[in-house]
Structure formats: structure tokens, C-alpha cells
Amino acid sequence: MLTGIGDTVTLANGVEMPRLGLGTYKSAEGGDVERAVATALELGYRGIDTASLYGNEEGVGAALAAAPVPREEVFLASKVWNDEQGYDATLAAFERSLERLGTEYLDLYLVHWPRPETPDTWRALERLLAEGRVRAIGVCNHLIHHLDRLLESAEVVPMVNQYEFHPWLQQSGLLGHCEGLDIVAQAWAPLMKGRVDEEAKLVAIGKRHGKSAAQVAIRWILQHGVTTIPKSVTPARIAENADVFDFSLSVEEMRAIDGLDRGERLGPHPDRFPAR
Ligand SMILES: NC(=O)c1ccc[n+]([C@@H]2O[C@H](COP(=O)([O-])OP(=O)(O)OC[C@H]3O[C@@H](n4cnc5c(N)ncnc54)[C@H](OP(=O)(O)O)[C@@H]3O)[C@@H](O)[C@H]2O)c1
């Protein structure tokens with residue numbers, strides 16, 4: 001049941017993660033990201049997704065420090081970047097992220113892209129989890145074969161896989177695989193990187209419900225049981241993207257959006273991502 005922005009999903013280790021959070025890729029360090037995070041928290045968002053790559057962890061941290069919301073009520077996620085992977089390098093990268101974010105712990109630490117050294121990176125994440133420095137660990141952009149390889153040596157199964165997921169790229173086999181392993185899927189680019197209005201079907205379904213194409217896309221993801229982190233630095237859109245709990249898509253509407261899959265990536269392919 002979807003009830004509101006406070007909805008959570010229970011990860012494999014019992015930790016509760018918001019189903020809908022705020023993405024911050026390309027939210028500029030300083031004022032932009034600070035305002036976006038402050039606005040989101042004020043509106044009831046409790047999940048914030050950043051990464052060392054985004055160069056905005058200090059702004060995210062400043063917004064969290066200034067917000068009238070206790071740190072423990074926020075689910076804060078960051079990621080280890082490609083050139084920080086490997087066992088020792090990841091442990092050092094984690095400390096730098098914490099320092100920039102001004103926090104003692106992360107709620108979720110993710111491997112940003114699969115790389116040859118990811119099994120070593122993963123051992124570092126397992127250690128951080130065991131030491132209580134992070135509440136949950138996961139991966140991003142892992143296709144089935146990346147997960148299979150990681151699981152050959154992993155002691156802890158990733159709790160989350162954050163990957164590109166939207167009406168034009170659905171990868172239903174990957175979603176089923178994650179569900180089978182009790183890995184919670186998290187959709188990035190849920191708004192097709194701002195191109196949702198180009199999809200006439202989303203606009204038309206939205207009109208029926210008095211909702212925007214963006215709201216239909218987010219609702220479709222949530223109704224599939226997938227969590228997501230739409231990004232915006234625009235206050236009205238941050239509010240719009242969370243206003244998806246007062247309508248629901250019918251079985252026919254869900255199927256119609258399922259039918260929009262065209263295997264189109266708006267970001268890099270996980271097998272062809274530049275080495276560093
Ligand atoms: N793990 C990974 O490898 C990975 C990769 C990519 C992204 N991510 C994460 O996932 C988050 C979401 O993905 P994303 O940022 O790439 O794409 P997205 O959320 O699909 O799209 C963001 C774009 O949509 C615009 N937008 C926001 N709300 C809108 C609305 N209601 N109507 C129309 N346009 C709207 C934003 O503009 P304004 O900001 O100007 O409002 C921005 O240009 C990222 O921010 C990041 O946290 C992770």
C-alpha cells in the first residue's frame with residue numbers, strides 16, 4: 001500500500017528505506033543543492049541520494065545540519081566513485097564522504113558502477129557494515145551477470161541495486177532477479193532525465209488523473225514496488241514529484257506504460273562505462 005512520502009521499504013537486514021527520495025546528480029554544490037535538500041525535507045522527504053562524484057556532499061551536509069529534522073530521521077545515501085574502488089581506497093573514500101557530509105554514519109553506501117575491482121570494494125563495504133559505520137550497503141548499475149560475479153565472493157548480498165529504470169528502459173528480467181535475491185531495486189532517471197513530457201502516453205494518462213507526466217512516471221515506478229529518487233532543484237517540482245499518493249494507476253494504465261519499453265538507455269551501459 002502506498003500512503004505518502006513517509007512510506008518505507010524494509011531492506012534485507014531490517015533497515016527501513018524511504019520508497020521516494022530526492023536525487024541530487026547535477027544539483028550544484030552550495031546554494032542549489034542546499035536549497036533543494038532543505039525544500040525536500042520541509043515537504044516531508046526523508047531520503048537523500050548523493051555521491052562523491054556529484055561534488056555536492058558539503059552542500060547536502062550543510063542542509064542537513066541546518067534542517068529542523070534530526071539526523072536519524074533522514075536516510076542518507078552516498079556512493080564510492082570508480083577511481084576510489086578497491087579495499088583500502090574505498091575505506092579512505094568513505095571517510096572523505098563522511099567528512100564532507102558532516103555526519104558520523106551513512107544509511108546506505110553504494111558502489112557507483114561495476115568494475116573489475118568491485119569484489120574488493122565490496123569487502124570494504126561489508127567491513128563498514130559490520131563496524132556499524134553504515135546501516136546498509138548496496139550497488140548501482142549491476143546487471144544480472146555483475147550480481148552473479150559479486151555473489152561469488154560476497155558474504156553479504158547487496159541490499160539495494162540502484163539502476164536506470166523508467167518507461168523507456170524497464171529491464172524486467174533484472175527486476176525479477178533482484179526480487180529473487182531480496183535486493184530492493186531503486187530507479188535512477190525516473191523522469192527520463194526531464195524528458196517525461198515527450199512521452200504522449202504519460203501525458204494522456206496524467207490528464208485523466210489531473211496529474212503531470214512526471215507524477216505518472218513516479219507512480220508507475222512505485223506501483224511496481226520499485227523505490228526511486230527523482231532529482232530536481234526547482235521547489236515546485238520537488239513538491240510535484242512527491243504529490244503522487246492521492247491517485248493510483250489502473251491495471252490497464254500500468255500495462256500501457258509497461259508497453260512503452262524500448263530498451264533505450266539515457267545513461268551509460270554498465271558494460272561499456274569508461275574505466276575511470
Ligand atoms: N547510480 C547511478 O549511477 C546514478 C546515475 C544517475 C542518477 N542517479 C541518481 O538518480 C537521481 C535521478 O536521476 P537523474 O537526475 O539522472 O534524472 P531524473 O530524476 O530522471 O531527471 C532529472 C531532470 O528532470 C527535471 N525534472 C525534475 N522534476 C521534474 C518534473 N516534475 N517535470 C519535468 N521535469 C522535471 C530536473 O530539472 P530541475 O532540477 O531543473 O527541476 C532534471 O533536469 C540522480 O539525481 C542521482 O541522485 C544515480
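**A guided tour of the predicted model**

Begin with the sheet: eight strands make it up, open and parallel in pairing, in the order E3-E4-E5-E6-E7-E8-E9-E10. Strand E3 (22-23) and strand E10 (227-228) lie at its edges with a single partner strand each, so one side of each has no neighbour in the sheet. Strands (E, at least two residues) and helices (H or I, at least four) are DSSP runs numbered from the N terminus, and two strands pair if DSSP finds at least two bridges between them. Strands of a sheet pair through backbone hydrogen bonds, either parallel or antiparallel.

The model is predicted: local features need pLDDT of at least 70, side-chain atom pairs count only at pLDDT 80 or more, and totals for chains, interfaces and linings use all residues. Residue numbers start from 1 along each chain as its sequence is written.

Within the sheet, select strand E6 (residues 108-111) and strand E7 (residues 137-140), which run parallel and are joined by three bridges. Valine 111 has valine 139 of E7 opposite.

Next, display the ligand and its surroundings. Among the 28 residues around the ligand, Gly23, Tyr25, Leu191, Gly194 and Lys231 come nearest; a residue is near a molecule or strand if its C-beta atom, placed from the backbone, lies within 6 Å of it. Helix H9 (residues 235-242) gives the largest share of this shell, three residues. The shell has twelve nonpolar, eleven polar and five charged residues, where Ala, Val, Leu, Ile, Met, Phe, Trp, Tyr, Cys and Pro count as nonpolar, Asp, Glu, Lys and Arg as charged, and the others, Gly among them, as polar.

Now select helix H8 (residues 213-223). Ten of its eleven residues are buried, so H8 is largely enclosed by the rest of the structure. A residue is buried if 20 or more other C-beta atoms lie within 10 Å of its own, exposed if 12 or fewer, and partly exposed in between, with C-beta atoms placed from the backbone. The buried residues of H8 include Trp220, Ile221 and Leu222. Their cover includes strand E9 (184-188), helix H7 (200-209), E10, H9 and helix H10 (251-258). After H8 comes glycine 225, with a positive phi near 80°.

Most residues other than glycine have a negative phi, and most peptide bonds are trans. Aspartate 182, in the loop between helix H6 (172-180) and E9, has a positive phi near 60°. With 13 C-beta neighbours inside 10 Å, aspartate 182 counts as partly exposed. Alanine 189, in the loop between E9 and H7, also has a positive phi, about 60°. Alanine 189 is buried, with 24 other C-beta atoms within 10 Å.

Finally, select helix H2 (residues 57-66) and helix H3 (residues 87-101), whose axes come within 7 Å and cross at roughly 45°. Axes are lines fitted to C-alpha atoms, for helices over the stretch in contact, and angles run from 0 to 180 degrees between N-to-C directions. H2 and H3 are therefore oblique to each other; angles under 35 degrees count as roughly parallel, over 145 as roughly antiparallel, 65 to 115 as roughly perpendicular and the rest as oblique. Glu57, Glu58, Val60 and Gly61 of H2 meet Ser97, Arg100 and Leu101 of H3, contact requiring C-beta atoms, placed from the backbone, within 7 Å.

Remaining in H2, select alanine 63, which is buried, with 22 other C-beta atoms within 10 Å. Leaving aside residues up to four places away in sequence, alanine 63 touches Glu34, Val37 and Ala38.

Methods. Two residues are in contact if their C-beta atoms, placed from the backbone, lie within 7 Å.
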